[in-house]
Amino acid sequence: MGSFSYPSAELDDLLDCYLHGYVSSRVMRLARENVEGLPVCIATTKCDGLVLSLTPFSHSYNYRSAVLFGYASPVDDVEEKLWAMELITNSVVPERWQNSRTPPDGAELASTTILKVKIASGSGKIRDGEPHDDRKDLDRSDITEKVWTGVVPMWETLGEPIASSSNHFSEKPEYIHAFADRVNKDNESYAQKATRDP
């Protein structure tokens with residue numbers, strides 16, 4: 001997410017969503033053919049815990065989800081295309097663009113399409129907290145004394161970086177270690193906090 005025309009935009013500002021893909025992939029071709037922008041839906045979900053209740057009917061997940069609706073158009077301006085490629089790359093691992101061979105060469109640029117999605121609407125949903133069992137089950141000691149309930153926190157963990165067989169760089173870069181450590185701590189912290197009702 002970002003704004004090429006207003007690079008200092010914050011999350012509260014109107015932002016565009018940039019996507020990348022192979023130039024001849026179906027969605028990229030459809031976007032080129034649609035003058036007004038290809039209607040798209042972008043969805044994501046992140047699970048933070050398994051919510052285990054007294055009955056399987058009440059089991060759930062702690063999660064964060066978002067859905068965006070908008071119109072995708074190819075980015076033809078080379079400056080904006082490079083800006084979006086850097087934005088996308090650094091959203092995977094911060095500082096990666098500066099620490100790789102950039103800019104892309106002509107063949108790489110020609111084989112990659114960047115879509116700018118103008119967001120029309122969106123929604124998000126978060127489920128945090130403990131199980132919420134029915135009173136009919138909570139009042140029954142024959143059930144509550146034999147069934148464990150609670151939350152099993154879950155979080156994505158980044159492992160120790162492993163150099164490729166063609167790597168000749170002498171040490172693992174600090175920016176990669178710092179990123180992995182921060183992501184791991186943040187993900188665990190959020191999942192642990194999500195186990196309690198707000």
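This is a predicted model: local features need pLDDT of at least 70, side-chain atom pairs count only at pLDDT 80 or more; totals for chains, interfaces and linings use all residues.

Trainee: Pockets, then. What volume does the largest pocket have?

Mentor: About 670 Å³. Its lining takes in 18 residues, and the ones nearest the centre are Met1, Thr44, Thr45, Ala66 and Leu68.

Trainee: Which strands supply at least two residues each of that lining?

Mentor: β2 (38-52) and β3 (60-74) each do.

Trainee: And how do the lining residues divide by class?

Mentor: Ten are nonpolar, five polar and three charged.

Trainee: What about the second largest pocket, what's its volume?

Mentor: That one comes out at about 340 Å³. It has 14 lining residues, with Arg96, Asn167, Phe169, Pro173 and Ile176 nearest the centre. By class, you get eight nonpolar, three polar and three charged residues there.

Trainee: OK, charge pairs. How many salt bridges does the structure hold?

Mentor: Ten. One of them pairs Arg64 with Asp48, at 2.7 Å from N to O. Arg64 sits in strand β3 and Asp48 in strand β2, so this pair ties together parts 16 residues apart in sequence.

Trainee: Is Asp48 buried or exposed?

Mentor: Asp48 is buried, because its relative accessible area is 2%, and the cut-off for buried is under 20%. Arg64 has 25% relative accessibility, so that side of the pair counts as partly exposed.

Trainee: Which residue does Glu80 form a salt bridge with?

Mentor: Lys116, with the closest N and O atoms 2.9 Å apart. Glu80 belongs to helix α2 (residues 78-92) and Lys116 to strand β4 (residues 112-127), so here the parts tied together are 36 residues apart in sequence.

Trainee: Are Glu80 and Lys116 buried or exposed?

Mentor: Both are buried.

Trainee: Switching to the backbone now. Where is there a cis peptide bond?

Mentor: Between Thr102 and Pro103, with omega at about -5°. Pro103 is placed in the loop between α2 and α3 (106-111).

Trainee: Which residue other than glycine has a positive phi?

Mentor: Have a look at Glu95, where phi is near 75°. Glu95 lies in the loop between α2 and α3, which is also where you'll find Pro103.

Trainee: How accessible is Glu95?

Mentor: Its relative accessibility is 42%, so Glu95 counts as partly exposed.

Trainee: Last topic, the surface. Which residues form a nonpolar patch there?

Mentor: Leu50, Tyr61, Trp148, Val152 and Met154 do, with about 470 Å² of accessible area together.

Trainee: Where is Met154 placed?

Mentor: In the loop between β5 (150-153) and α6 (174-193).

Trainee: Great, that's what I wanted to go through. Thanks!

Note on methods. Residues are numbered from 1 along each chain as its sequence is written. Side-chain values use heavy atoms; hydrogens and water are left out. Patches are made of residues with over 30% relative accessible area and no salt bridge: like charges are joined within 9 Å, nonpolar side chains (Val, Leu, Ile, Met, Phe, Trp, Tyr) within 5 Å. Accessible areas come from the Shrake-Rupley method with a 1.4 Å probe; for residues, only the protein chains shown count as cover. A salt bridge is a side-chain nitrogen of Lys or Arg within 4 Å of a carboxyl oxygen of Asp or Glu. Helices (H or I, at least four residues) and strands (E, at least two) are DSSP runs, numbered from the N terminus. On a 1 Å grid over the protein atoms alone, a cavity is a set of points where a 1.4 Å probe fits but cannot get out, and a pocket is an open set with protein on both sides within 12 Å along at least five of seven lines; lining residues have an atom within 4 Å of a point. Grid points are joined across faces, edges and corners, and a volume is the space filled by probe spheres set on the points. Ala, Val, Leu, Ile, Met, Phe, Trp, Tyr, Cys and Pro count as nonpolar, Asp, Glu, Lys and Arg as charged, and the others, Gly among them, as polar. Buried means under 20% relative accessible area, exposed over 50%, partly exposed in between (1.4 Å probe, protein chains only).
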